[in-house]
Amino acid sequence: MDQQFLNQLEQTLGLIVQPNSSGLKEATKALQTQFYTQPSSIPALIHILQNGSDDGLKQLAGVEVRKLIGKHWKNLDENSKTQIKSSLLQSAFSENKEIIRHSNARVIASIGTEELEENKWPDLVPNLIHAASGEDSATRQTSSFVLLCLLEDFTPSLASYVDDFLNLFGQTINDTTSLETRSLAAQALNHVSALIEEEDVINPQHAAKFSSLIPSVVNVLDAVIKADDSVNAKLIFNCLNDFLLLDSQLTANSILELVKLALQISVNTEIDEDVRVFAVQFIISALTYRKSKIIQARLGPEITVAALKVASEEIDVDDELNNEEEAAENEENTPSSIAIRLLAFASADLPPSQVASVIVEHLPAMLQSSNAFQRRSILLAISVAVGGSPDYILSQFDKIIPATISGLNDNEPIVKLAALKCIHQLTTDLQDEVAKFHNEYLPLIIDIIDTAKFVVIYNYATVALDGLLEFIAYDAISKYLEPLMNKLFYMLESNKSSKLRCAVVSAIGSAAFAAGIAFVPFFKTSVQYLGQFIENCSQIEGMNDDDIELRALTFENISTMARAVRSENFAEYAEPLVNSAYEAIQTESARLRESGYAFIANLAKVYGENFAPFLKTILPEIFKTLELDEYQFNFDGDAEDLAAFADGATEDDLQNKFTVNTGIAYEKEVAAAALSELALGTKEHFLPYVEQSLKVLTEQVEESYGLKETAMDTIWNIVKSVLLAAKIEPGSYPRGTQSYVDANVLAVIQKARTTTLSDLADEFENSMVITVFENIAKMIKQFGSVIIMDSSDSKTLESLCVQVVSVLKGEHTCQTIHLEEDVPKDEELDASETDATLQDVALEVLVSLSYSMQGDFTGIFQDIKSVLFGLFESKSKNKRSNAVGATSEIAAGMKDQNPFVQEMLEHLITILTSDKSLEVRGNAAYGVGLLCEYAPFDVSAIYGPVLKAMYELLTTADQKALTAEDDEATREIIDRAFANASGCVARMALKHEGSVPLEQTLPALLAHLPLKTGFEEYAPIFELIMKMYQNNNPVISEATPKVIEIFTSVFTNENERVKLEQESTLGREENMEKLKQFQDEETRQKVIELLKYLNGRYDGIVAQNPILAAVIA
């Protein structure tokens, strides 16, 4: 060995080991360019590993030489190789210091991996197995460690030793002299399992042997926990996490036992906190990979109870109340904090019956506990449960809203804070529904703001206020507006903290969003207050993150105000602020660029086609942002350094250098949303940019990490803008399968269609499949079958239907990627709300097709009806409700071109008369009424049982409305049941008046009017009322005062809807169509004529009503 080379290498390594070495960069470069390019560096580094002057130098030599084995080992002569292998084995077993011994062992493994692949060093593994089976404890331990290192490198040639490994580690895992050896055996078995799974067909003997050793792994975990060895505990939990991914032949029935074990560890406060955190993390992994098995075993309640118990443990109160950094809070891994995270995962992955309902069951007792930490934890549990089970949480508002109010009134600050966090999360997920309780919440929250002694509470109170204000109904905000705005202006003046000002600015924007045109008196003052935060927009030097966030939020909220006060009131500020937004887009700050795009998106809503002049400057910036790379390679050095690093780096080394820049990903998401609004707003002015937009967005769908769903949404919004530019209005297309667009428009649709469906069969993200189906369903319903097929080519339509059916069967890739083969296929599991949403959007595609194709939908329905009717028998209430509702909607879509009326009726009547769920029966009632209306044959024979079922349905809904029975029947569900039942009865009476006893039926029907939702059901009800008056039916004549009362409500609601349309914030009331009391102008005019008739017949009864007097004037 060249002594000079060795000395220089050791000196250079020494510069790296020395702390604060000024020559670090030069030394690193010298190693890569002068030493590591030569094969002789291997024996030199091994010499330093064995004989270096200090342990740090030895360790570094061991790390560096392993990187070079793959590159240079084959270039060494055989004599050198033999000497190196011999010396390494000797030093591995003779070295006293474990850390150096392990470095030797890892180098042996690296060389062994290289040699075994070439069928060399044949005695290495047998000799190590023999040594690991020997009498000497230290030798067993070292041999086991070398074998573990070899197994970690995963050399396929080791597969021939699986039997020997299972026997060896089955023995050493019970070593009585060394806990370390037992831990090494457990870790090694984890890697042996990978060798077993690599076999073309899993060897059942190997699988059974491995499975039988899992209890021994658990015993090792128990031993290391009792020894307070958290390092080995984490290593064993890593093994258990890997076991979750194994074929069930290897794990047999152990997974559930492992979850139960982890639960026991997690709640045991005698155990080290780090170990308990590992246990909870294991349960979270089990929810991800073994969800079906956990649902099947009904472990959800046990998991939930354990998580609530851990979440209720004492926390650092000072830290909770004084830690303003949310990121630090989210990253903190204490048992209490991670238990809350577990509840969030469980709520999303498991059905509400196993998690959310258990949380609600514990709500009264925990909220009344004298232990403040219990009160805190139950409120935080609700706050995370709503994200995964919003529908169920909404159904329990009669318990949850009082609980949050109790929390706001609690004397303990940590409970108050938890209540504020809970309200904030409720407003995020249930928006308008939470804001209905503004009378109860606002005084309490404002009082907390006024009296807060902790900045964190002040901040969260402002955030909760922000969430409530945003979704308060337009007609309710006015009474609060003046005192609220004065309060918010004062809060801006009195706080100098940018972080606190952020929350206040956001609350001002939310107040504007809720108030709409009523915000005009406060608009100029708001801009004056907020303008200071966006002065000199492009200058960000010296600003911290909170300062930048304040500037960004100011941009976003001023643009929200623009939507509220509308174009004429915003006009004087428009051009200078658009220019400032353009400056923001060009800064180095991703957050400011993002806010600039949000501003542009809102202004496009306000100005529509008048915003077109800005396209030529704004769109290039959007395209530039969308083409940014979300992935970044983190390497500190020049090109030469990088080349040297890459030359010696392993695949893992390279992967570790890659990260996803989430800031850029989010900026791109907002830019894509702005592109949507620009396309929809400027219509034909956007046409020159369509091709480039679709090209960039298609690339994002195919390559992006975080933008796929938003890019897909934007693609279809651009298609919509092209159709609107072609003067094609939503809903105005010809029904059937004929094409009605020109070649240019069709080409855009085809491009979007291809991008959307090309990878749908293999898409494994639920969220992406949901996005695809939502866009397809919405566009088909608005613009017809041309969205999915050309007049002579139905291949794309057929492909779409195949994917829809696969979702309905639970067989799509996104549903089977984590499928557990040991869960019986014939045992249906209760669905999480996410699973139910996936099924719902798939059904919505079929509904849209039925509306757009009508009679041409017959062939599709013939193919899918068995799957659809099969869902009527699902154990999941959500799935049944979705399927029954979709069948009813399909009946509405096909109208009188439906050859399946008899079959649909039979299935829906069965549901109507037998299902326990009010929601499901209500959906069935809707369909039965429609089928009666469109039936081409006499259906009066079914009227008896159907009317009886209607009576029972209305009686049930009445009882639930009075008692608020706890079976998930929300007010919305009850009101919808009233609407569907009323519409059904009206349709039946219109079809066969003589078969409906109107003298009993009509008073019951009128008693449930006016409707509170489902206003489309007014169409048959109004028609029946008018027909009965035409026929001089005495039953309706006697009910005239009630009829007048109903129409007063109808026209009041219609007037409010029109006012809302004219005065509310642009884009807020996206479901304005659902609020329409009349489905068309013709019906409205007929009702007005009826009112005029009633006014004449009944001595001016209508004119005496101020609302209706204006209608007939």
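**Helical segments and domains of the predicted chain**

Over residues 27-94 the chain is 81% helix and 0% strand, with the end C-alpha atoms 32 Å apart, where helices (H or I, at least four residues) and strands (E, at least two) are DSSP runs numbered from the N terminus. This stretch is listed by UniProt, in an unreviewed entry, as "domain: Importin N-terminal"; UniProt positions follow the numbering used here, feature names are shortened, and annotations may be inferred rather than shown by experiment. The model is predicted, so that local features need pLDDT of at least 70 and side-chain atom pairs count only at pLDDT 80 or more, while totals for chains, interfaces and linings use all residues. Residues are numbered from 1 along each chain as its sequence is written, and side-chain values use heavy atoms, with hydrogens and water left out.

The chain is divided into domain 1 (113-197 + 205-251) and domain 2 (473-588), with bounds that come from an automatic or database domain assignment. The centres of the two domains, taken over C-alpha atoms, are separated by 62 Å.

Helix 14 (residues 254-267) packs against helix 15 (residues 273-289) at an angle of about 145°, with their axes 8 Å apart; axes are lines fitted to C-alpha atoms, for helices over the stretch in contact, and angles run from 0 to 180 degrees between N-to-C directions. The contact (heavy atoms within 4.5 Å) includes Leu258, Val259 and Ser266 of helix 14 and Arg276, Phe282 and Ile283 of helix 15.
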